[in-house]
2 protein chains.
Amino acid sequence: MFIENSINEFIEELSSKNAVPGGGSASALSSSVGTSLIIMVTNLTIGRKKYVEVSDKMQEIKNALEINRDKLTSLIDEDSKGYSAVMDAFKLPKDTEEEKLARTQAIQEALVVAASVPLEIARVSLDSLKYVPYVFENGNINAVSDAKVAAVMLRSGILGAIYNVEINVDSLKNREVADKYIEEINKIREEALRIEKEVVNV
Amino acid sequence: MFIENSINEFIEELSSKNAVPGGGSASALSSSVGTSLIIMVTNLTIGRKKYVEVSDKMQEIKNALEINRDKLTSLIDEDSKGYSAVMDAFKLPKDTEEEKLARTQAIQEALVVAASVPLEIARVSLDSLKYVPYVFENGNINAVSDAKVAAVMLRSGILGAIYNVEINVDSLKNREVADKYIEEINKIREEALRIEKEVVNV
């Protein structure tokens with residue numbers, strides 16, 4: 001479990017030549033951090049006199065974001081597992097025709113999982129990002145820069161996850177699944193870029 | 001030291017209503033992760049037969065990036081210290097005219113430090129980002145998505161750091177320092193956005 005490691009250790013592991021953790025886990029971390037920053041802003045808003053009118057709404061948002069944050073944190077480890085499974089499948093024996101067939105099938109099955117994990121990262125991250133404009137506009141004014149950092153980190157989490165969907169989908173033989181995934185990530189990307197622009201004009 | 005904490009604990013701390021760690025530390029983390037991913041790509045390239053022609057150059061880049069990564073990881077904690085000092089200064093007594101003067105001066109001094117730490121994050125992150133196009137184009141083809149994730153995470157680290165420079169500079173009375181910082185972050189932003197586009201067409 002990488003998420004039980006210290007930040008220092010995670011950074012060290014990420015830099016190493018081991019393929020996991022890699023860009024998918026990094027994307028989930030980026031979105032988990034972005035989501036946490038928005039939760040912080042809700043925490044700095046809820047119950048304050050000046051923000052009494054938005055307190056209930058902020059509490060609702062906070063509850064939803066805590067679920068997203070926990071999902072995204074789990075996805076840091078899940079992405080590494082998904083990619084490890086692909087590498088394991090590639091190591092299967094390929095001496096006989098039967099083995100070759102079984103290996104190809106194992107690789108293809110592992111690739112679907114390896115693509116679906118970052119797709120889930122992108123989905124959950126987009127859900128977090130959708131709350132950012134409201135919190136940015138109505139939350140504690142002293143935390144306005146934190147909301148902006150959240151927006152850019154959720155953008156990286158989403159785009160990073162999308163690059164990981166794309167790379168796995170590229171090798172998929174089942175083009176029906178591939179096309180469905182590509183269609184979904186294209187929609188997510190478009191929406192994410194639009195929402196980020198609502199919060200930060202770069 | 002937040003960086004000795006587990007990722008789980010860091011995420012928890014970030015979400016809490018404590019103002020530190022906040023967006024500045026998150027930005028340093030984003031850039032540290034982005035830098036680590038590019039180091040991983042150099043590690044997956046150096047010494048491989050197919051990449052023998054770029055091995056020396058990749059080793060050089062790796063050495064430079066390891067220094068940046070370690071700086072950025074330290075800046076996660078340093079940013080929180082810088083912001084804590086501003087909050088401490090605000091808590092100084094302000095009963096007498098003398099106290100008021102000393103407090104204002106302490107706040108102003110702390111703000112310069114609190115702005116200079118994210119400025120350093122932005123500078124080091126931009127230096128990391130400058131290596132990404134070369135590694136992206138010449139590094140191990142299997143790690144191309146990791147280089148793209150690195151680019152977007154360095155962009156967030158830089159923009160996030162810039163928002164933190166801006167928020168601290170806003171309250172600075174010394175407009176000479178303020179203008180100098182703003183001039184530098186504007187240049188960094190422009191360059192960062194240009195380089196990210198070389199690697200990812202979003």
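Predicted model: local features only at pLDDT ≥ 70, side-chain atom pairs only at ≥ 80, totals over all residues.
1. Start with Ser156(B). Setting aside neighbours within four places in sequence, Ser156(B) is in contact with Val152(A), Met153(A), Ser156(A) and Ser30(B).

2. Where does Ser156(B) sit in chain B? The residue belongs to helix α5, which covers residues 144-170 of chain B. Is Ser156(B) buried or exposed? Its relative accessibility is 1%. The cut-off for buried is under 20%, so Ser156(B) counts as buried.

3. Next, the aromatic pairs. How many are there over all chains? The count comes to two. In chain A, the ring centres of Phe2(A) and Phe10(A) are 6.4 Å apart, and the planes stand at 75 degrees. Edge-to-face requires an angle over 60 degrees, so this pair is edge-to-face.

4. Both partners in chain A can be checked for burial. Phe10(A) has a relative accessible area of 1% and is buried. Phe2(A) has a relative accessibility of 17%. That value also falls under the 20% limit, so Phe2(A) counts as buried.

5. Chain B has a pair of its own. Phe2(B) and Phe10(B) are edge-to-face, with 6.4 Å from centre to centre and 75 degrees between the planes. Phe2(B) and Phe10(B) are both buried.

6. Look also at the lysines over tyrosine rings. In chain A, Lys57(A) lies over the face of Tyr134(A), 5.7 Å from the ring centre. In chain B, the charged end of Lys57(B) sits over the ring of Tyr134(B), at 5.7 Å from its centre.

7. Now the overall build of chain A. The secondary structure comprises six helices and zero strands. From the N terminus, the order of elements is α-α-α-α-α-α. Along the principal axes, the C-alpha atoms of chain A fill a box of roughly 75 × 35 × 30 Å.

8. Contacts and burial in chain A. Chain A has 202 residues, and 55% of them count as buried. Among contacts with a separation of 6 or more, 77% join residues 24 or more positions apart.

9. Surface and charge of chain A. The accessible surface is about 9000 Å². Carbon and sulfur atoms account for 50% of that surface. The side chains include 24 positive and 32 negative ones. The centres of these two sets are 4 Å apart.

Terms used
Residues numbered from 1 in each chain as written. Chains lettered and ligands numbered in written order. Heavy atoms only, no water. Phe/Tyr/Trp six-rings, centres within 6.5 Å; stacked < 30°, edge-to-face > 60°. Buried < 20%, exposed > 50% of the residue type's maximum accessible area, 1.4 Å probe, protein only. Lys NZ or Arg CZ within 6 Å of the ring centre and 35° of its normal. Helix = DSSP H or I, 4+ residues; strand = E, 2+ residues; numbered from the N terminus. Contact = heavy atoms within 4.5 Å. Areas by Shrake-Rupley, 256 points an atom, 1.4 Å probe, with all protein chains shown as cover. Lys, Arg positive; Asp, Glu negative; His and termini not counted. Charge placed at Lys NZ, Arg CZ, Asp CG, Glu CD.
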